[in-house]
Amino acid sequence: GDSNKLREGDKAIAIGNTKNRGLFAVEGKIKSTNDGMEDYVYPLLRTDVPITNGNSGGPLFNTNGEVVGVVDRQDPEAQGMITFSIPWERARLSIENMLANQKSGGVVVGYWGFNFLVLGPREREAVAPGRTVGVWVESVAHGSPAEIAGIKPGDILLSVNGHENPVAIDREIDKHKLSTLIYDSKFGDTIQLTVLRGGLEKSIKLKVGSTFEGRPETYHTSY
């Protein structure tokens, strides 16, 4: 199936086998197709489909019987009323990536080497007056592609390859826009960045690294 075609309110079905008691199906609805969680790079599907030990990690179907997601987890504070699944298009890309990089031992993802914060309206106006977009570079890993390219802590990232990203509307969703872009960037590609430093715009070219170059960082903690 195509998870990109999902809409809020669509029915979704998860199938599992709890404690080897046989297959069972539970039904719910798609609540959001672009939700975020702190430790995930990419947006998730938010549903009210019940998740158990038997269907976590299993398929999420639409009413046509097509797989549209991979059942993942529930919000521990929502008493099972809020659950999350990985969109199938994202899961499919990860599977293809893993198969293509079996010699590397796993999924190879883009690595730029800096941590960032999405700026809210007040913070953005304080450090970048008049700007409607921008993320703040919090730290830069030593020896990383970002450091080699010349990115410095305190820089305001305004655009990537000429496109303003992310549009600062919601902190968590915007964080996932940029982190997904980094995650999907190809090892060895050159990325054109525009940063604001000392009130002046600066153009920087960054050569994408990979998390499988012997670095201890993962994409959860360093981009």
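## Terms and overview

Strands here are DSSP runs of E at least two residues long, numbered from the N terminus. With that in hand, note that this is a predicted model. The chain holds four helices and 14 strands.

Of the 223 residues, 43% are buried. The accessible surface of the chain is about 12000 Å², and carbon and sulfur atoms account for 51% of that. Take the contacts between residues at least 6 apart in sequence: 54% of them link residues at least 24 apart.

## The barrel

Six strands make a closed barrel in the order 1-2-3-6-5-4, paired antiparallel. From one strand to the next, the twist averages 45 degrees.

Zooming in on one pairing, strand 2 (residues 24–35) meets strand 3 (residues 44–47) in the antiparallel sense, over three bridges. Asp35 sits opposite Leu44 in strand 3.

## Helix 1

Helix 1 lies across strand 5 (67–74) and strand 6 (83–87), and runs at about 50 degrees to strand 6.

Which residues of helix 1 are buried? They are Glu89, Arg90, Ala91, Ser94 and Asn97. As background, an α-helix has 3.6 residues a turn, so residues three or four places apart point the same way.

## Thr194

Thr194 belongs to strand 12 (residues 190–197). Its relative accessible area is 18%, so Thr194 counts as buried, the cut-off being under 20%.

Setting aside neighbours within four places in sequence, Thr194 touches Ile156, Leu157, Leu158 and Ser159, plus Glu201 and Lys202.

How values were computed:
Residues numbered from 1 in each chain as written. Predicted model: local features only at pLDDT ≥ 70, side-chain atom pairs only at ≥ 80, totals over all residues. Heavy atoms only, no water. Buried < 20%, exposed > 50% of the residue type's maximum accessible area, 1.4 Å probe, protein only. Contact = heavy atoms within 4.5 Å. Areas by Shrake-Rupley, 256 points an atom, 1.4 Å probe, with all protein chains shown as cover. Pairing = 2+ DSSP bridges. Axes fitted to C-alpha atoms, helices over the stretch in contact; angles between N-to-C directions.
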